[in-house]
Amino acid sequence: MKILMFGWEFPPFNSGGLGTACMGLTRGLKNANVEVTFVLPRKVDLDVDFLKFVYGDEFSGIKNYYAVNSLLQGYSTSENYNDRVFSEGEKMPALYGKDLFEEVERYALIGGEIAKNEDFNLIHAHDWLTYKAAINAKKISGKHLVIHVHATEFDRTGGNNINQEVYEIEKKGMEEANSIIAVSNFTKQKIIENYGISPEKIKVVHNAVDFEDYALGEVHKLKKTKKVVLFLGRLTLQKGPDYFIYAAKKVSEHYPDVVFVVSGSGDMEKAIIKKVAEMGLADKFIFTGFLRGKDINEAYRMADLYVMPSVSEPFGITPLEALRCETPVLISNQSGVSEILNHCLKADFWDVDEFANKIVSVLKYNELYRCLRENGSKEIKNLNWNEPAKRCAEIYEELLRGKK
Amino acid sequence: MVSVCFYFQVHQPLRVRKYSIFDIGKNNNYFSDNSETSLNNVKVLRKVSEKCYIPMNALLLELLEKHPEFKVSFSFSGVYLEQLEKHAPEVLLSFKKLVDTGRVEILGETYYHSLSFLFSKGEFFEQVKKHEELIQRIFGKTPRVFRNTELIYNNELAKNIEGMGYIGIIAEGAPFILGWRSPNYIYSPVNTQRIKLILKNYKMSDDIAFRFSERNWAEWPLTASKYAQWINSVNGGGEMVNLFMDYETFGEHQWESTGIFDFMRQFPEEILKNPDNNFKTPSELAESYPSRGVFDSPGFISWADIERDLSAWLGNEIQNAAIKKVYSLGFKILKTQNSELIDKWRKLQTSDHFYYMCTKWFSDGDVHKYFNPYQSPYDAFISYMNVLQDLELRTDEILNEKKLSVGKFKSNIYKENSLTNKRGDFNGGN
């Protein structure tokens, strides 16, 4: 079986969860004997042996359709679909055009062209940025289309100031698709409610975590002297950093010997730092800014607890990464990952008291910390990408059978 | 001759409400929760009463009136009867009516459905005594056969229970102890004089309690006449079949729609069709049949899970931390002589609290197997430990007021890894 897959980013040239998920999924598909041609809008220097890549800007006739270099201005405005965002001035290759919609349109044109030249049975596209390209590919090839929803505009914006243009593209993609894969039941529900799609069309395939290329690092010195509670994610409305600091305030009243580490950047960064100072917590907080690669693992490793108070998290791969570093996690019920993770603590994002209660409990009751760490890191060992890939392969087969 | 012996366990714990770190020192209400969740004890009691206690008691009364040979037995926890007195007196009355037939026996257990035998002998004796008094007050009976919480049993328990005057004790017919032998006979515990051991036939009990509604079970649907054939076939290979199960099997675990009530309605008649069969209560078994062998269980067994050990309550670090903590408070709390505080502390010893912290099936997501009113075992632990913090705070306050120093008494309480050897008593300090 051959799949033409439209993506937007791929590690290490990714800004977050979407790229990580694409890599995990395609690796799993390889193990399930599914052949994938992975399309990216522009050429990046990747060293991946399990995939064939096609780069949009190398494609005949349309090369450098828009000659633009500046990076990702669109990201900080119309979409925050990733788990982490590039901080300003970050040295990354110029992936995309200065205007995101321009880039999406360019990709759409290429999509059709690629479909003419490639040999495949089915199209699989990840998130709204690729939908137009994938729809064109479907039109030209007449093959079935699967779209994979990692996040919707409603998650990114918290339901306020929905970008109408993005919404329209999402809705069109969902309607054109023969089958929709949602990363959680939480997301499936949003697709049903906000886009009017019939539930039968939507299959849930949860994300997973890769253990390849991963080794436990040293434990940070800080952990040896203090209890450390970590927030790691974009400092935006969606991730609930404000709930984290309100909970921190309550925690520090009950458990003074604690340090809160905040890793990440985003549009709420200044407001959060200011608020922490106002609440008199400056000496309890460490802001690390945006972290990448090994530094992320080090942050997880120094923490006694990783907290993800997301307001709306379609999946949320970071708790799995934290557990991979043997750090227990407390996550909001408003997340897809809470559907598959059992050995962790959960609370509603708005319930600051409950977040504080659970944070203090982990700091205070060592047996709880140890039990969560041991059982949680054991549990995620079963959450590898082979299972979700198998589910995708089943969905492909089902569609192809129906077509004949 | 085959005697069929029913014993139904009737128990509802006082589940600890959602109790946060912010409640400590401010809220001494540990058990009442008026939420819509299964932590609302009154709500659970009402629900189970409607589905099980009321219809099943009515059915048993009907059967007892219809068949003079029919007999059953119950074991009620004290915390359960307390809840009935307070919130469902009509249910209690219907149990009394059953007992008034003279063919319903009541067994002895610990008042608080606790694991106290494992952690404090003194506390255990207190709770058994308190249970005896309660049964005497409510039903006017004195239990003669004992069953420990969750059928937790070892040689030492049997010896202690014999010393307390019981003529019989109940245990799981654990295959790894019985070996080739059958649970369908009376046995003698090691190193005892007279006490008779009555073993649960777990296979035939579980056919009713667990497999009854399983559609992929080869014997489904199970009818009373088919079951009676199985009982008949025991003739010659056993003297009794002991069917021990949770009373909630009827209507709560197995819903009415599974046909469980109809099965029971037919049951006595089908069994009694064979003149070689009869019904007996546990004390009648102990009095009518001789011991056919010695049952040696130096380690603890129970009726829980496939393991039939203690791992459902003491299988992980949080469970052990919680139970260690509650028993470590014993000496101080008893010292206060504050009956309200002591009662709360004992209610926190109920085994269910630790069961809810069990993590062994949690990963499989098998929620049916693992009924838990908490969102997770960790949530159960957090509320429980926070409550103990509050309890300790209040205890210290009272002791300070009384200007009593507990420091000079050396408490000889639970020590880690002491499950199988020495365990101290609290009454040493008085």
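The centres of domain 1 of chain B and domain 2 of chain B, taken over C-alpha atoms, are 26 Å apart. The domain assignment places domain 1 at residues 2–295 and domain 2 at residues 315–429 of chain B. Chain A is likewise divided, into domain 1 (2–208 + 384–403) and domain 2 (221–380). The model is predicted, and the mean pLDDT of chain A is 86.

**Contact between the domains of chain B**

- Domain 1 of chain B brings 33 residues to its contact with domain 2 of chain B, which brings 27 residues.
- On the side of domain 1 of chain B that touches domain 2 of chain B, helix H4 (116–119) and H5 of chain B each supply at least two residues.
- H5(B) gives the most to this side of domain 1 of chain B, with four residues.
- By residue type, the side of domain 1 of chain B that touches domain 2 of chain B divides into 14 nonpolar, 12 polar and seven charged residues.

- Strand S7 of chain B covers residues 196–200, and five of its five residues are buried.
- Lys196(B), Ile198(B) and Lys200(B) point one way from S7(B), while Leu197(B) and Leu199(B) point the other way.
- Strand S5 (residues 168–172) of chain B pairs with S7(B) in the parallel sense, over five bridges.
- Within this region, Glu172(B) has Lys200(B) of S7(B) as its bridge partner.
- Strand S6 (residues 186–189) of chain B pairs with S7(B) in the antiparallel sense, over two bridges.
- Leu197(B) in S7(B) has Tyr187(B) standing opposite.
- S6(B) and S7(B) form a hairpin with six residues between them; in the turn, Asn191(B) has a positive phi of about 60 degrees.

**Helix H15 of chain B**

- Helix H15 of chain B spans residues 339–347, and its buried residues are Lys344(B), Trp345(B), Arg346(B) and Lys347(B).
- These buried residues of H15(B) pack against four helices of chain B, namely H2 (78–87), H5 (121–139), H14 (330–336) and H17 (377–401).

**Contact between chain B and chain A**

- Chain B contributes 17 residues to the contact and chain A contributes 19 residues.
- Helix H13 (317–328) and H17 of chain B are the elements that give two or more residues to the side of chain B that touches chain A.
- H17(B) gives the most to this side, with four residues.
- The residues on the side of chain B that touches chain A comprise nine nonpolar, seven polar and one charged.

- Chain A has 404 residues, of which 52% are buried.
- The secondary structure of chain A consists of 15 helices and 13 strands.
- Of the contacts in chain A between residues at least 6 apart in sequence, 70% join residues at least 24 apart.
- Where domain 1 (2–208 + 384–403) and domain 2 (221–380) of chain A meet, the contact takes 21 residues from domain 1 and 20 residues from domain 2.
- Helix H1 (17–31), helix H5 (153–157) and helix H7 (185–195) of chain A each supply at least two residues of the side of domain 1 of chain A that touches domain 2 of chain A.
- That side of domain 1 of chain A is made up of six nonpolar, 11 polar and four charged residues.

**The six-stranded sheet of chain A**

- Chain A holds an open sheet of six strands in the order S10-S9-S8-S11-S12-S13, with parallel pairing.
- Strand S10 (285–289) and strand S13 (345–347) of chain A each have a single partner strand, so one side of each is without a neighbour in the sheet.
- From one strand to the next, the twist averages 20 degrees.
- Strand S12 (residues 329–332) of chain A pairs with S13(A) in the parallel sense over three bridges, and Leu330(A) stands opposite Leu345(A) in S13(A).
- Helix H9 (residues 241–254) of chain A lies across strand S8 (227–232), strand S9 (258–263) and strand S11 (305–308) of chain A; H9(A) runs at about 170 degrees to S9(A).

**Confidence in chain A**

- In chain A, 88% of the residues reach a pLDDT of 70 or more.
- Over residues 61–95 of chain A the pLDDT is below 50, although this stretch has 78 contacts in the model beyond near neighbours in sequence.
- Where pLDDT is low, the predicted coordinates should not be read in detail.

How values were computed: Residues are numbered from 1 along each chain as its sequence is written. Chains are lettered from A and ligands numbered from 1 in the order in which they are written. This is a predicted model: local features need pLDDT of at least 70, side-chain atom pairs count only at pLDDT 80 or more; totals for chains, interfaces and linings use all residues. A residue is buried if 20 or more other C-beta atoms lie within 10 Å of its own, exposed if 12 or fewer, and partly exposed in between; C-beta atoms are placed from the backbone. Two strands pair if DSSP finds at least two bridges between them. Domain bounds come from an automatic or database domain assignment. Two residues are in contact if their C-beta atoms, placed from the backbone, lie within 7 Å. Ala, Val, Leu, Ile, Met, Phe, Trp, Tyr, Cys and Pro count as nonpolar, Asp, Glu, Lys and Arg as charged, and the others, Gly among them, as polar. Axes are lines fitted to C-alpha atoms, for helices over the stretch in contact, and angles run from 0 to 180 degrees between N-to-C directions. pLDDT is the predictor's confidence in each residue, from 0 to 100.
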